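Please view the structure alongside the text.

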Amino acid sequence: MKNTKKETVKKINLTIDGIEVGVDEGTTILDAARQLNIHIPTLCYHEDLCVAGNCRVCIVEQEKVKSLPASCATPAAEGMVIHTNSMKVRLARKHIVELLLSEHNADCTKCYKNGICELQGLASQMLTGDHMFLDLVPDHKYTIDMFNTAIIKDDSRCIRCQRCVRTCEELQGVSALGVAYRGNHMKISTFFEHPLFEVVCTNCGQCVNRCPTGALIERNYIDQVWDAIYDPTKHVVVQTAPAVRIALGEALGMPPGKIVTGKMVTALKRLGFSAVLDTDFTADLTIIEEGNELLTRLKKALLDKDPTVSLPMATSCSPGWIKFIEHTFPEFLGNLSTCKSPQQMFGALVKTYYCQKRKLDPKNVVSVSIMPCTAKKFEANRPEMRSSGYKDVDFVLTTRELGIMIKQAGLDFEALPEDKFDSLMGSSTGAAVIFGTTGGVMEAAIRTVYEVVTGREIPFEGLNITPVRGTEGEVREASLKIEKVKPEWSFLEGVELKCVVANGLAHAKKVMQDVKDGKANYHFIEIMACPGGCLGGGGQPIPTNKEIRTKRKEAIYEEDMGMPIRKSHENPEVQLIYKEFLGHPLGHKSHELLHTHYTPRKRY
Amino acid sequence: MSDTKLKRVDLIFGEYSNVKYKVLADTLKRTNDEILEDLMESGLRGRGGAGFPTAMKWKFTAQTPGEEKYVVCNADEGEPGTFKDREILSRVPRKVFSGMAICGKVIGAKQGFIYLRGEYKFLLPELNKELEGYNEFAKSISLDFPISIILGSGAYICGEESALFESMEGNRGEPRNKPPYPTTSGYLSKPTVINNVETFVNVLMIMRLGPIQFKLLGTTDSRGSKVFSVSGDTPIPGIYELELGMPLDRFVDEFGDGDTKAVQVGGASGFCVPRKKFKDTVIGFEGVPTGGSMMLFNSSRSMFNVLHNYLEFFEEESCGQCTPCRVGCQQLRKGIEAVKKSEKKSLYLDQLLKLSESMKLTAKCGLGQSVANSFSSIVNNFKEEMIY
């Protein structure tokens with residue numbers, strides 16, 4: 001609850017480790033110290049979340065105060081004298097880390113997060129080699145939930161920092177995870193302790209991205225992919241999502257915001273994939289199908305006055321969003337575009353179109369995708385995602401898993417030369433690249449739909465439709481007046497197309513509630529489950545926070561601007577696939593391979 | 001509780017005036033400044049145990065800007081060995097309501113709540129009847145300050161004020177970060193005065209007797225009297241209202257069974273005073289403060305068992321959110337077991353004492369911070385009982 005009506009921000013002067021500093025009123029001691037480049041260790045603190053102050057690792061000594069306040073939760077006050085590394089602080093902090101370790105299954109060499117675990121980092125910093133306290137792990141019965149295809153939850157590695165709980169509630173509005181029991185039995189659990197696959201969890205993986213330890217991790221398929229690569233009878237095709245190419249570098253030691261498309265392609269080829277293709281291709285295809293679907297729905301509603309048509313139409317690219325709406329607003333499933341996500345369109349086409357063209361037997365083709373997402377793992381395992389007659393996408397790896405594979409292969413990623421995607425389902429446009437950010441699907445769709453309807457390019461400088469570019473943490477509404485249409489679209493003359501863009505499920509919930517309550521009158525809704533869109537996906541490199549997401553977003557728009565073709569319908573391979581294989585948008589083959597249906601689910 | 005013998009002081013349970021809510025009605029005619037001045041003069045400090053000056057708390061809340069403010073009576077009496085609030089609420093509920101209404105007037109609150117311990121559900125019928133009377137009276141004098149009761153669900157931690165607010169709001173009972181304090185952000189994040197049951201009664205008594213007479217009782221640091229819950233190895237357990245600032249040896253003379261080895265002052269979160277220190281220990285804010293619990297132990301008791309019992313209690317009643325409390329309590333309990341079984345050397349107790357000190361310094365709320373009180377006072381004073 002910030003008081004936004006403050007006229008002038010008051011300055012607070014305090015001393016930290018002997019250095020005087022002036023900060024804005026309301027700044028915490030932790031942030032004040034950071035301004036001085038003094039690093040106070042933290043665990044439960046995360047830039048994206050509300051302050052919990054429950055791990056107590058960030059304690060500091062305040063002169064004239066008996067206890068040691070948590071710096072993340074204590075606002076700076078005038079005249080405070082703070083010591084971040086005093087004798088008292090060091091002992092207490094070591095005690096706290098030792099306590100966390102004593103109830104933590106510190107089997108580090110067996111842990112997926114070995115080497116990147118924040119608790120492990122603190123332990124090494126504090127030199128906790130002497131094991132001050134007794135091991136409490138044998139006293140507890142810990143649950144390991146391995147039933148889920150996307151996320152594994154291992155309570156024995158949980159330090160109860162509640163980052164996941166706050167993520168699920170604040171960012172996503174889902175609250176699949178909560179705190180159960182108290183005292184020594186306190187744990188992070190689900191509704192009635194059901195396994196994750198039985199509850200409202202959307203598999204978005206935002207919790208995984210924020211978990212400081214190995215308590216919440218993605219189910220990794222690295223070994224299965226290596227096996228496929230080394231199997232001489234298999235043709236292993238890999239597709240890479242738009243948001244991977246602007247974040248993969250982070251997993252390999254590069255700063256955020258670097259475009260590494262070319263290096264990524266080289267790395268994938270060196271890992272041994274038979275063909276390195278681009279999900280962007282099916283992103284463009286999605287625009288053609290979804291754009292036509294939207295126009296069809298608009299025609300039915302405006303021209304045919306068909307009362308059964310479901311408007312607004314909502315995008316269906318984000319599998320976290322799909323599972324969310326299935327649970328939370330099942331009555332609106334008809335409003336979802338029936339288009340599969342680009343990943344699943346790609347998978348279905350690999351085992352049909354691609355195999356035909358390459359003269360391969362689909363049973364020998366393994367289709368792998370690299371995604372910024374953990375929900376994609378769940379999506380690939382949906383029973384309806386087998387329209388090619390085979391599992392459309394066999395294995396989904398996150399950006400992080402690809403990073404691990406590149407390290408395993410001993411590649412010096414930064415030094416790799418750049419290469420291009422293989423052809424046939426490898427070409428893409430700027431419109432596809434921006435699928436990776438919030439507002440991107442909307443922008444790509446408008447670039448195409450407007451041109452289809454009017455025969456003219458969208459009248460925005462450089463094709464940059466900035467009014468629909470989503471912003472983190474807000475719901476963005478925009479409208480576009482359609483004028484001087486081609487004769488066959490005359491029913492759209494003068495229509496004001498109302499769009500809304502939201503990212504983060506907490507905001508999606510708000511949009512859908514408004515639609516449900518009849519407060520909003522949209523034609524087209526774009527929802528991305530994760531904050532900032534796919535670039536902030538649950539499968540992206542850790543850490544992910546607002547600053548890093550902003551850099552990734554800039555990189556995505558930079559990549560868009562650098563593409564020679566920036567409208568989906570101009571993608572030559574997309575034009576080719578309609579000519580050679582699909583026929584026309586929303587045609588019979590499209591329906592069979594590129595469209596899907598949804599399953600109503602319950603909240604409990 | 002008809003057999004309860006009262007001694008020395010009879011403020012809290014003293015007779016009601018014949019006219020219901022007379023003192024309240026009289027006090028409401030006074031100005032807020034006059035009331036606060038009297039309270040300040042009286043030196044009244046909170047009776048829940050922490051002893052924050054009541055007048056200051058009310059003044060801060062009154063000064064905090066805001067239309068919506070609340071008065072909350074903390075009746076989540078859960079400290080082991082304390083049972084005086086139950087007695088107060090069942091015998092003199094009108095005094096509690098009156099104290100709350102006076103507070104409401106001073107700070108500008110329009111609503112009062114009593115957060116009643118879940119296990120005290122049996123008090124509800126009587127209490128609700130009395131409350132009806134109060135609410136009617138309030139209406140009759142156009143006092144816009146209704147009081148209602150919210151029942152807890154049995155968690156010790158909800159006696160901690162910020163966890164109590166969370167519980168009232170329907171959330172999990174977990175303490176909040178401080179600052180902000182309740183005086184600026186309490187129930188529903190609005191400025192709130194939260195006081196112990198007995199504090200509100202004391203306020204009323206000060207209004208009735210005047211601060212001068214109230215000050216005649218007690219010492220400079222601990223004014224007035226206190227209701228004590230006396231239990232353990234005593235021939236006369238029960239509830240007694242005694243003057244604050246008494247030396248512990250005189251208390252033991254009166255209540256002990258002649259073989260008193262130690263007195264646990266202030267319940268599980270309080271301090272254990274061994275026999276050799278009875279003489280030098282004053283019961284009050286200048287010495288060992290207490291929310292009312294006085295547990296006597298004679299030489300047949302194992303102090304190891306006493307401590308073990310307390311630690312198990314804390315282990316279970318910790319909310320579990322902060323590391324020092326959740327894990328620290330487990331380590332202390334398991335640690336003394338290991339020493340007792342010779343799995344750890346006796347020197348390990350020093351390690352545990354340091355840990356308890358760290359818990360005191362770093363725990364998020366009073367629960368975790370006060371575990372060290374009983375731990376260090378029992379371990380330091382009865383080390384041989386911990387080891388052999």
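In this predicted model, chain B has a radius of gyration of 21 Å, which agrees with the value near 21 Å for a compact globule of 388 residues. Along the principal axes, the C-alpha atoms of chain B fill a box of roughly 70 × 45 × 35 Å. The secondary structure of this chain comprises 15 helices and 11 strands. Of its 388 residues, 57% count as buried. Where contacts in chain B join residues at least 6 apart in sequence, 72% of them link residues at least 24 apart.

**A covered helix in chain B**

Helix 5 of chain B spans residues 93-107. From its first C-alpha to its last, this 15-residue helix reaches 21 Å, close to the 21 Å expected at 1.5 Å a residue. Helix 5 of chain B is mostly covered, with 15 of its 15 residues buried. After the helix comes B:G108, which has a positive phi near 85 degrees.

**A parallel sheet in chain A**

Four strands of chain A form an open sheet with parallel pairing, in the order 11-10-13-14. Strand 11 and strand 14 of chain A each have a single partner strand, so one side of each is left without a neighbour in the sheet. On average, neighbouring strands of this sheet are turned by 25 degrees against each other, direction ignored. Strands of a sheet pair through backbone hydrogen bonds, in either a parallel or an antiparallel sense. Strand 13 and strand 14 of chain A pair in the parallel sense over four bridges; A:S369 has A:V396, in strand 14 of chain A, as its bridge partner.

Helix 9 of chain A, residues 279-302, lies across strand 10, strand 11 and strand 13 of chain A. The helix runs at about 35 degrees to strand 11 of chain A.

Methods:
Residues are numbered from 1 along each chain as its sequence is written. Chains are lettered from A and ligands numbered from 1 in the order in which they are written. This is a predicted model: local features need pLDDT of at least 70, side-chain atom pairs count only at pLDDT 80 or more; totals for chains, interfaces and linings use all residues. Two strands pair if DSSP finds at least two bridges between them. Helices (H or I, at least four residues) and strands (E, at least two) are DSSP runs, numbered from the N terminus. Axes are lines fitted to C-alpha atoms, for helices over the stretch in contact, and angles run from 0 to 180 degrees between N-to-C directions. Two residues are in contact if their C-beta atoms, placed from the backbone, lie within 7 Å. The radius of gyration is taken over C-alpha atoms; the globule rule is 2.2 Å times the number of residues to the power 0.38. A residue is buried if 20 or more other C-beta atoms lie within 10 Å of its own, exposed if 12 or fewer, and partly exposed in between; C-beta atoms are placed from the backbone. The expected span of a helix is 1.5 Å times one less than its number of residues.
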